[in-house]
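Please look over the chain shown here, with attention to its helices, its pockets and its salt bridges. The report that follows takes these topics in turn.

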Amino acid sequence: MAENDEDLTIPRAAMNKMIKEILPHVRVANDARELILNCCTEFIHHIATEANEICNTQQKKTISAEHILGALESLGFREYKHEAETVLKDCKAVAAKRRRQSTRLENLGIPEEELLRQQQELFAKARQQQAEIEQQQWLEMQQAAQHQLMLQQQNSKTEDDDEY
């Protein structure tokens, strides 16, 4: 591996998680973990370089999954190709599911302008309800204040009557 590629590695946390998932009851020494990390990084670099060459040969500008699968085959890793195709199929299914979920709003069949109008209508209704609540609270406070004033007036009148 070239020295300027040393920073281009799989994150250690991700590698440790994979090791723990694959070998849950086995302790792996730190130097072995480092070796696994370096081997994985070198393998990815090797596959990516070959895929880039295939891509360039086909005069394409973007490496596709087919270029990666071709690189596996041309480098003698045919036994990994089927598993890679299975993973690719799973990734495409997950991506399609995400796209379907993100387009649920579009699938409602209601134009965006109508949804915006409905939202504004709901906001206006909520503001109206809040204003009515505040008005009712203000009226109750006014009634309570008037009631308190009447009680004070009655008390002062009773006190005046008691003095005479």
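## Helix H1 and its surface

Met-18 is found in helix H1, which covers residues 12-22; helices here are DSSP runs of H or I with at least four residues, strands are runs of E with at least two, and both are numbered from the N terminus. The model is a predicted one, in which local features need pLDDT of at least 70 and side-chain atom pairs count only at pLDDT 80 or more, while totals for chains, interfaces and linings use all residues. Residues are numbered from 1 along each chain as its sequence is written, and side-chain values use heavy atoms, with hydrogens and water left out.

With a relative accessible area of 37%, Met-18 is partly exposed, where buried means under 20% relative accessible area, exposed over 50% and partly exposed in between, for a 1.4 Å probe and protein chains only. Together with Ile-22, Leu-23 and Val-26, Met-18 forms a nonpolar patch on the surface, and the four have about 370 Å² of accessible area together. Such patches are made of residues with over 30% relative accessible area and no salt bridge, nonpolar side chains (Val, Leu, Ile, Met, Phe, Trp, Tyr) being joined within 5 Å and like charges within 9 Å; the areas come from the Shrake-Rupley method with a 1.4 Å probe, and for residues only the protein chains shown count as cover.

## Overall make-up

The protein chain has 5 helices and 0 strands, and 10% of its 164 residues count as buried. Helix H3 (residues 65-74) has His-67, Leu-69, Ala-71 and Leu-72 as its buried residues, and H3 is followed by Gly-76, whose phi is positive, near 90 degrees. In the loop between H2 and H3 lies Gln-59, a residue other than glycine whose phi is also positive, near 55 degrees.

The largest pocket has a volume of about 470 Å³. Of the 15 residues that line this pocket, Phe-43, Ile-68, Leu-72, Tyr-80 and Ala-84 are the closest to its centre. Helix H2 (30-57), H3 and helix H4 (78-102) each give two or more residues to the lining, which divides into 14 nonpolar, no polar and 1 charged. A pocket is an open set of points on a 1 Å grid over the protein atoms alone, where a 1.4 Å probe fits, with protein on both sides within 12 Å along at least five of seven lines, and lining residues have an atom within 4 Å of a point.

The second largest pocket holds about 180 Å³ of space, and its lining residues include Met-18, Ile-22 and Leu-23. H1 gives the largest share of this lining, 4 residues, and the lining as a whole divides into 8 nonpolar, no polar and no charged.

## Salt bridges

The whole structure contains 5 salt bridges, each a side-chain nitrogen of Lys or Arg within 4 Å of a carboxyl oxygen of Asp or Glu. One of them joins Arg-12 and Glu-34 at 2.9 Å, N to O, and this pair links distant parts of the chain, with Arg-12 in helix H1 and Glu-34 in helix H2, 22 residues apart.

Lys-81 forms a salt bridge with Glu-73, the closest N and O atoms being 2.8 Å apart, and Glu-73, Arg-78 and Lys-81 are linked in a network of salt bridges. The side chains of Glu-121 and Arg-117 also meet in a salt bridge, at 2.6 Å from N to O; being 4 residues apart in helix H5 (residues 112-163), these two are separated by about one helical turn.

Notes. Points joined across faces, edges and corners; volume = space filled by probe spheres on them. Nonpolar A, V, L, I, M, F, W, Y, C, P; charged D, E, K, R; others polar.
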